[in-house]
Amino acid sequence: MAGPELDVAPDPGLVAALAATRAWLVAARDPSGAWGYLEASPPMLEPTVLAAAAGLPLPTDWAAAQAPSFGTLLLPAVAWDDAPDLAARALSHVEQAAAEETAAAEGHDGTIPGWGWVTGTSAWVEPTAYAVLSLRRAGKADHPRCVDGLRLLRDRQCHDGGWNYGNPVTLGTPLDGQLAPTGWAVLALPPGDPAAPRGLERLAA
């Protein structure tokens, strides 16, 4: 997964932790080759696509049989090289899935089109980042929806440089950036984007 690069030496402890995590994911895989949200839970599309984004094999036949969902938004980014037909079908869903505008939003512009966890509902940071990553991987960085998705991510950046799950402000209170949405937002930003350094600083903190 492409994203802003950190010019730091690999930490041996982190390398070991990543290896252990990868081994756990391999052991937790369902007989279908997919993953659930918890070990031994039913396989679902999003955790399966996330495992593939982490470098594990994507069960393409299983994924092709799943109904479109928010996990589909990231599928083109991880399947583009190894399963182009599957990626192209998923990309069509990415381009067509639309979030609902929320003009009365607090602390951000609710009219910017993005993606929600469910098509037709409000836009959120992580599904929008998933979709932007897929559009960029497909060579569609100039697609109007990708441009709008990046606008949304920049608009939702929190006071501390990170991203919360949806709003940067709630009931007049600035919200802190959270790990997962911040990580996905930073990955989705193009190289050199001015919003990326503050996001990386928040992750480092």
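**Helix α6 and its surroundings**

Modeller: Let's start with the crossing: α6 passes α7 in a left-handed way, where left-handed means that the near helix is turned anticlockwise from the far one by less than a right angle (right-handed if clockwise). Before going on, this is a predicted model, with local features needing pLDDT of at least 70 and side-chain atom pairs counting only at pLDDT 80 or more, while totals for chains, interfaces and linings use all residues. Residues are numbered from 1 along each chain as its sequence is written, and side-chain values use heavy atoms, with hydrogens and water left out.

Helices here are DSSP runs (H or I, at least four residues), strands too (E, at least two), numbered from the N terminus. The axes of α6 and α7 lie 9 Å apart, at an angle of about 140°; axes are lines fitted to C-alpha atoms, for helices over the stretch in contact, and angles run from 0 to 180 degrees between N-to-C directions. The pair is therefore oblique, as angles under 35 degrees count as roughly parallel, over 145 as roughly antiparallel, 65 to 115 as roughly perpendicular and the rest as oblique. On the α6 side the contact (heavy atoms within 4.5 Å) uses V125, T128, A129, V132, L135 and R136, and these meet R145, C146, G149, L150, L152 and L153 of α7.

Now the other neighbour. α5 (residues 84–96) packs on α6 (residues 125–137) at about 125°, with axes 10 Å apart, which makes α5 oblique to α6. Their crossing is left-handed. L91, V94 and E95 of α5 touch A131, S134 and L135 of α6.

What does α6 give to the largest nonpolar core? That core has 45 residues, and L74, L75, W115, L153 and W163 have the most contacts inside it; a nonpolar core is a set of buried Ala, Val, Leu, Ile, Met, Phe, Trp, Tyr and Cys residues joined through side-chain atoms within 4.5 Å. Among the elements giving two or more residues are α5, α6 and α7 (144–155), and α6 gives the most, with 7. As for L75, it touches V49, L58, L86, A90 and S134, leaving aside residues up to four places away in sequence.

At 3% relative accessibility G166 is buried (under 20% relative accessible area; exposed is over 50%, partly exposed in between; 1.4 Å probe, protein chains only).
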